[in-house]
Structures are given as C-alpha cells and as structure tokens.
Amino acid sequence: MNTKFAALLLVSAGLASNAAVAESLVDGDPEAGKARAITCAACHGPEGNSANPLWPNIAGQHAKYTVAQLGAFKEGKRVNNLMTAQAMLLSDADMANLAVYYEGLTPAVQTVADPSLVARGEALYRGGSADNGVAACIACHGPRGKGNPASQYPSISGQHAAYTEKTLRDYASGERQSVAGNNVMNELAARLGDEDIRALAAYVQGLH
Ligand code: HEC
Ligand code: HEC
C-alpha cells in the first residue's frame, strides 16, 4: 500500500469515529426525554449525577445500554425495589427518549474512593488475575472506563464506588442477571473476592 493511500484511510477512519460519537445508536428525542426525566431527578440528580452513592450516576451513559437496562427492570429481569416501580411506567418511546437525553449529559468527575485500595484495583482492572481466571476489565470497559456503546459495554468511570460494589456483588450472587454480554459479568464477578470488589470499585470511581 502506498503511503498516500494509507494516510487517506487514516483520515476517513478518524472522521467515521467522530461521527459515531456525535450520533446516538438509539433513535430518541432528547427534549421529550428531558421532560419525562423530572421524576428520575429525585434519585439520579437534576443532571443525571446522583447525590446518594447507592443510586447510580446515569449522565453520559450509552443510550443502547440504558434502553436495555430499563427494559430489563420493566420485564423483571433486573429487580430493584426503587427502580422497578419507575420502569413499569415507561413506554418504549419513553425509554428511547430518556436514554438519548441522559447520554447527552456530562458525567461527574470523582476521585478514587479509597487510596489504599487503588493499586490493587488498578492491577486487576488492567491485568485481570490469571490465578482466578478473571479477565482484565480494560478489555471491554476501556482504559478510561468508557465502555463501548455498540457492544453495550457500559461506561463505568466516575461511578459511585458504593453502587459499583453493590452491583458487582449482585452479579456474583445472581441477584442481577446480565442483559448483554452472555453473562460475562456474572461469571467474572463470581470469581472476585470481597477485597477485589472493593478495590475495583474504589479505582473505577476515580477514572475519567
Ligand atoms: C426512587 C429512586 C429512583 C427513581 C425515582 C429512579 N431511579 Fe433509576 N435507579 C434507582 C436505583 C436505586 C438504581 C440501582 C438499582 C440497582 O442497584 O440495581 C437505579 C438504576 C437505574 C438505571 C441502571 C443504571 C446502570 O448503570 O445500570 C437506569 C438506566 C435508571 N435507573 C434510570 C432511571 C430513569 C430513566 C428514571 C426515571 C424514569 C429513574 N431511573 C428513576 C433509583 C431510582
Ligand atoms: C468481555 C467483556 C467484559 C469484561 C472483560 C468486563 N465487563 Fe463489565 N460489563 C460488560 C457488559 C456486557 C456489561 C453489561 C451487562 C448487563 O447487561 O448487565 C458490563 C457491566 C458492568 C458493570 C455494571 C455497570 C452499571 O452501570 O451498572 C460493572 C460495574 C462492570 N461491568 C465492571 C467490570 C469490572 C470491574 C470488570 C473486570 C473485573 C469487568 N466489568 C469486565 C462486559 C465486560
């Protein structure tokens, strides 16, 4: 391949990926989502960043993942007292509109939760654990925890450590069943020890 052609390919690949960032994978109306989000704000905050660390931040989350999770709550595949009641009230159009609205909001930036656990969390996140057969989180959630919109790998960066810990324990016990990814999170989380879970959650909270 000559170098001029290679350079052109690089330029067009760059343009294509920029376009993918700007355009949502879900067809929804963010203005209608914003109007519908008034009830959500009580728990997830006025801009999608919640004050209670057990209530997840949802600002900037990939719309396809959000639609899938809202559907799972509504159908009873994912169960939570507070959230299930909310999802029951949503139509498919509401879910799409809410998902693109929240996707467009700016995720909060936080610092690591427990500095003494961060080295362990980072090592697991980036390298996994050959001993326990735990895959590196970075492979799917990316170096900055931003995930992958098309594969429904959620963004986990800046998420409250308390929520991340709870949800990893829920995957481990089967309380939370994966919607995407062939149960990979259930299998992985079941292999993590309690200290691993706390370390990962502490590290991830500081990613941005
Ligand atoms: C009464 C509090 C409350 C309200 C109101 C509420 N939620 Fe939630 N939401 C929660 C809690 C708690 C969770 C975490 C559930 C768990 O631990 O699995 C959650 C989880 C979610 C998730 C999954 C996030 C993830 O990262 O997997 C989404 C998406 C979501 N809520 C969207 C909404 C939307 C949209 C509304 C408004 C229609 C709403 N919520 C209203 C409490 C609430
Ligand atoms: C093979 C890809 C893959 C790997 C490796 C992986 N994940 Fe995931 N992760 C996913 C998918 C897919 C989901 C969504 C599953 C669902 O539908 O609930 C997810 C969901 C999550 C969630 C829930 C996010 C939320 O907002 O509720 C957390 C937290 C998480 N992963 C953390 C991790 C950690 C920590 C590791 C490393 C120990 C890891 N993941 C490794 C694919 C992966």
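Predicted model: local features only at pLDDT ≥ 70, side-chain atom pairs only at ≥ 80, totals over all residues.
Reader: What are the ground rules here?

Author: Residues are numbered from 1 along each chain as its sequence is written, and chains are lettered from A and ligands numbered from 1 in the order in which they are written.

Reader: How many residues of α11 are buried?

Author: Buried means under 20% relative accessible area, with a 1.4 Å probe and protein chains only. Nine of the twelve residues of α11 qualify. Among them are Asp 196, Ile 197, Leu 200 and Tyr 203. The cover includes α7 (118–127) and α9 (161–173).

Reader: Where is His 160, and is His 160 buried or exposed?

Author: His 160 sits in the loop between α8 (138–141) and α9. His 160 counts as buried because its relative accessibility is 8%. Contact means heavy atoms within 4.5 Å. Leaving aside neighbours within four places in sequence, His 160 contacts residues including Trp 55, Gln 110 and Gln 205.

Reader: How do α4 and α5 pack?

Author: Two packed helices are described by the angle between their axes and the distance between the axes. For helix α4 (residues 63–75) and helix α5 (residues 81–88), the angle is about 95 degrees and the axes are 8 Å apart. The two helices are therefore roughly perpendicular, a label for angles of 65 to 115 degrees. Leu 70, Phe 73 and Lys 74 of α4 meet Met 83, Thr 84, Ala 87 and Met 88 of α5.

Reader: Which residues have the most contacts inside the largest nonpolar core?

Author: A nonpolar core is a set of buried Ala, Val, Leu, Ile, Met, Phe, Trp, Tyr and Cys residues joined through side-chain atoms within 4.5 Å. The largest has 16 residues, and Tyr 125, Leu 200 and Tyr 203 have the most contacts inside it. Helices α7, α9, α10 (184–190) and α11 each supply at least two residues. The largest share, four residues, comes from α11. A second, separate core of 13 residues includes Ala 37, Cys 40, Met 83 and Tyr 101.

Conventions:
Heavy atoms only, no water. Buried < 20%, exposed > 50% of the residue type's maximum accessible area, 1.4 Å probe, protein only. Axes fitted to C-alpha atoms, helices over the stretch in contact; angles between N-to-C directions. Parallel < 35°, antiparallel > 145°, perpendicular 65-115°, else oblique.
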